[in-house]
Amino acid sequence: MTLPLTSSTRVLVDASVLRRRAAAVAGGMLADLRGDAYGHGVLEAARIVFAVGVPEVLVDPDQVDRLRGAGIRARRDGVPDVDASALYGIPSAPAMTLRGQVMSTKRLLPGDAVSYGYTYRAERESTVALVTGGYAQGIVRALSNRALVEVGGVLCPIVGRVAMDVCVVDVSAVDPVVGDEVVYFGGTGPARDQLENWVRVSGLTAGELVTIVGLKGDREWTE
């Protein structure tokens, strides 16, 4: 899918998925919505869990009054008994999808290197794409040369070091054009479970990863 070109990542939160997961964990008394609901959006997430019968939510101190003003019982302390991993579907089937875009493409010859420090050199003729999304958007540098993204329905490797706002992807297996969508994790395609790999290679928890991604990207709620 080709979209108008933007320099930001898009963070899509599927409200219908979150509702189903909230219904599955209903019966708990306190849901953990700290960190802006793990990057998903605290007010929207609070309304969803409150609607399925969870009576209280645990939030960051600066969000308590905001939620109470919306008619939601919020508190700043306590031990949540709603499983956050089950609620947000992390890491295997997240309600969140992280997307970027192809900014440009380039042909590489054998021996050509990309990104800082030249940690990757092409072994054969190949095509790479410069893609929106870097460590400033939560695509942590540990993913350099160690993660896959979805381009045109095909998983393609990140090559070279992840930079501040962009990374480089080997797209030799596909034929993308500028503006084509790139999926880092989530959705319904082959990148759906890539967050599991992020956890393995980064040493961070799934909760930590989605929180920073959700806070740093342009977040949208979808159905």
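## Buried aromatic rings

A residue counts as buried when its relative accessible area is under 20%. Phenylalanine 185 has 0% relative accessibility, so phenylalanine 185 is buried. The model is a predicted one.

Three aromatic pairs turn up in a search of the whole structure. In one of them, the ring centres of phenylalanine 185 and tryptophan 198 are 5.1 Å apart. Their planes meet at 85°, so this pair is edge-to-face. It links distant parts of the chain: phenylalanine 185 belongs to strand β12 and tryptophan 198 to helix α6, 13 residues apart. Tryptophan 198 is buried because its relative accessibility is 1%.

Helix α6 spans residues 194–202 and holds asparagine 197. With 14% relative accessibility, asparagine 197 counts as buried. A polar atom of the asparagine 197 side chain lies 3.1 Å from the backbone oxygen of arginine 146. Beyond its neighbours within four places in sequence, asparagine 197 is in contact with Arg146 and Ala147.

Helix α7 covers residues 206–216. Its buried residues are Ala206, Gly207, Leu209, Val210, Thr211, Val213 and Gly214. Which elements do the buried residues of α7 pack against? The strands are β1 (10–14), β5 (96–108), β12 (181–185) and β13 (218–222). The helices are α2 (34–38) and α6.

Valine 13 sits in strand β1. Its relative accessible area is 0%, so valine 13 is buried. Valine 13 and glutamate 220 are 207 residues apart in sequence. In space, their C-alpha atoms are 6.2 Å apart.

What does valine 13 touch, leaving aside neighbours within four places in sequence? Valine 13 is in contact with His40, Ala95, Arg219, Glu220, Trp221 and Thr222.

## Salt bridges

The structure has 10 salt bridges. One of them pairs arginine 10 with glutamate 181, the closest N and O atoms being 3.9 Å apart. Arginine 10 is in strand β1 and glutamate 181 in strand β12, so the pair ties together parts that are 171 residues apart in sequence. Glutamate 181 is buried, with a relative accessible area of 13%. Arginine 10 also meets glutamate 220 in a salt bridge, at 2.9 Å from N to O. Glutamate 220 lies in strand β13 and arginine 10 in strand β1, so this pair ties together parts that are 210 residues apart in sequence. Glutamate 220 is partly exposed, with a relative accessible area of 29%.

Aspartate 36 and arginine 219 form another salt bridge, again with a distance of 2.9 Å from N to O. Aspartate 36 is in helix α2 and arginine 219 in strand β13, so parts 183 residues apart in sequence are tied together. The two partners are set apart by accessibility: aspartate 36 counts as buried at 17%, whereas arginine 219 counts as partly exposed at 30%. Salt bridges with shared partners join Arg10, Arg99, Glu181 and Glu220 into one network.

## A three-stranded sheet

Three strands make up an open sheet, in the order β2-β3-β4, with parallel pairing. Which strands stand at the edges? They are β2 (30–32) and β4 (74–75). Each has a single partner strand, so one side of each is left without a neighbour in the sheet.

Strand β3 covers residues 56–58. Three bridges join β2 to β3, and the two strands run parallel. Leucine 30 has glutamate 56 in β3 as its bridge partner.

## Cysteines

How many disulfides are there? The count is zero. Cysteine 156 is in no disulfide; its nearest cysteine sulfur belongs to cysteine 167, 11 Å away. Cysteine 167 is likewise in no disulfide, and its nearest cysteine sulfur is that of cysteine 156. The cut-off for a disulfide is a pair of sulfur atoms within 2.5 Å.

Are these cysteines buried or exposed? Cysteine 156 has a relative accessible area of 1%, so cysteine 156 is buried. Cysteine 167 also counts as buried, at 1% relative accessibility.

Note on methods: Residues numbered from 1 in each chain as written. Predicted model: local features only at pLDDT ≥ 70, side-chain atom pairs only at ≥ 80, totals over all residues. Heavy atoms only, no water. Helix = DSSP H or I, 4+ residues; strand = E, 2+ residues; numbered from the N terminus. Buried < 20%, exposed > 50% of the residue type's maximum accessible area, 1.4 Å probe, protein only. Polar contact = N/O pair within 3.5 Å; in protein donor to acceptor, adjacent residues only side chain to side chain. Contact = heavy atoms within 4.5 Å. Phe/Tyr/Trp six-rings, centres within 6.5 Å; stacked < 30°, edge-to-face > 60°. Pairing = 2+ DSSP bridges. Salt bridge = Lys/Arg side-chain N within 4 Å of Asp/Glu carboxyl O.
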